[in-house]
Amino acid sequence: MDKNSQIIRTEIIRILNENGKIRGTELAKRVIKKMGNEKTVYREISSLVESGEIEKKVLSRSHIEYELINLYESVNNQLKNLHKEIETVYEEIKNYSKLSSEEKFSFHERLRATIHLIHIVQSTDGIMKLLSYYPAFKKDKMFSQINRKIEDCWEIIMEDIAHQPEEDFLNEILANLRISQMDSNNVN
C-alpha cells in the first residue's frame, strides 16, 4: 500500500468517525476534495469494506451508505447468540438426563440421544476454540461464561454416561463416535 492510499484510508475513517453514517457519494466527494482521484478513493472504500473495517449498506442503487463497524458491539452480539444457544443445549441436556432416569428408554435410544448431545456440544466447543484465536472475542466477558456453560454440559453428559446400567455404555459411545468420524472421512 502506497503512502497516498494510506492517507486516503485515514481520511475515509476520519470522516466516518465524525459523521457516523454517510452516503457513498458524499464520502467520496469529501475525500477527493482533500486528496486523491475518484477511482483511487472508491478502490480504498471497497478495500475497507472487504477488510471489515467499514460497513456498506445498499438501500437502493442510488443510495449507498457507509459506516464504521462497532467491533465490540458486533462481537458481543455474536457471543450473546452463542450463549443463548448453549443455554438451550444445557437445558436440553438437563431435561434429557432427568427424563432418561424417570422413563425406561431402550439402550439404543439412550445411546443415540447421548451421541446427538455430544455432537451439539462438540460443535459449540469447536466454535469457541476457533474464536479463542481472536483477541476481540477472547476479551469479551461472555466468552468465559460460554466456556463455563460448555464445561457444565460436558459434566452432565459424563455423569449421565457414568450412571447408565450397562457397563459398556461409554465404550459403545466411543465406538459410535469413531465410526461416524471414519464414515465422514471415507465420504471425502
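Predicted model: local features only at pLDDT ≥ 70, side-chain atom pairs only at ≥ 80, totals over all residues.

Residues are numbered from 1 along each chain as its sequence is written, and side-chain values use heavy atoms, with hydrogens and water left out.

Q: Why is glutamate 11 called buried?
A: Its relative accessible area is 9%, and buried means under 20%, exposed over 50% and partly exposed in between (1.4 Å probe, protein chains only). Glutamate 11 is therefore buried.

Q: What makes glutamate 11 and arginine 14 a salt bridge?
A: The term requires a side-chain nitrogen of Lys or Arg within 4 Å of a carboxyl oxygen of Asp or Glu. Here the N to O distance is 2.8 Å for glutamate 44 and arginine 9, and 2.4 Å for glutamate 11 and arginine 14, so the latter pair qualifies.

Q: Why is lysine 129 called exposed?
A: Lysine 129 has 52% relative accessibility, so it counts as exposed. Its salt-bridge partner is aspartate 125 (3.5 Å, N to O), which is buried at 17%.

Q: Which residues form the patch of negative charge on the surface?
A: Glu151, Asp152, Glu155 and Glu159 gather there. Patches are made of residues with over 30% relative accessible area and no salt bridge, like charges being joined within 9 Å. Glutamate 155, at 48%, is partly exposed and so passes the area cut-off.

Note on methods:
Patch = residues over 30% accessible without salt bridge, like charges linked within 9 Å, V, L, I, M, F, W, Y side chains within 5 Å. Areas by Shrake-Rupley, 256 points an atom, 1.4 Å probe, with all protein chains shown as cover. Lys, Arg positive; Asp, Glu negative; His and termini not counted. Charge placed at Lys NZ, Arg CZ, Asp CG, Glu CD.
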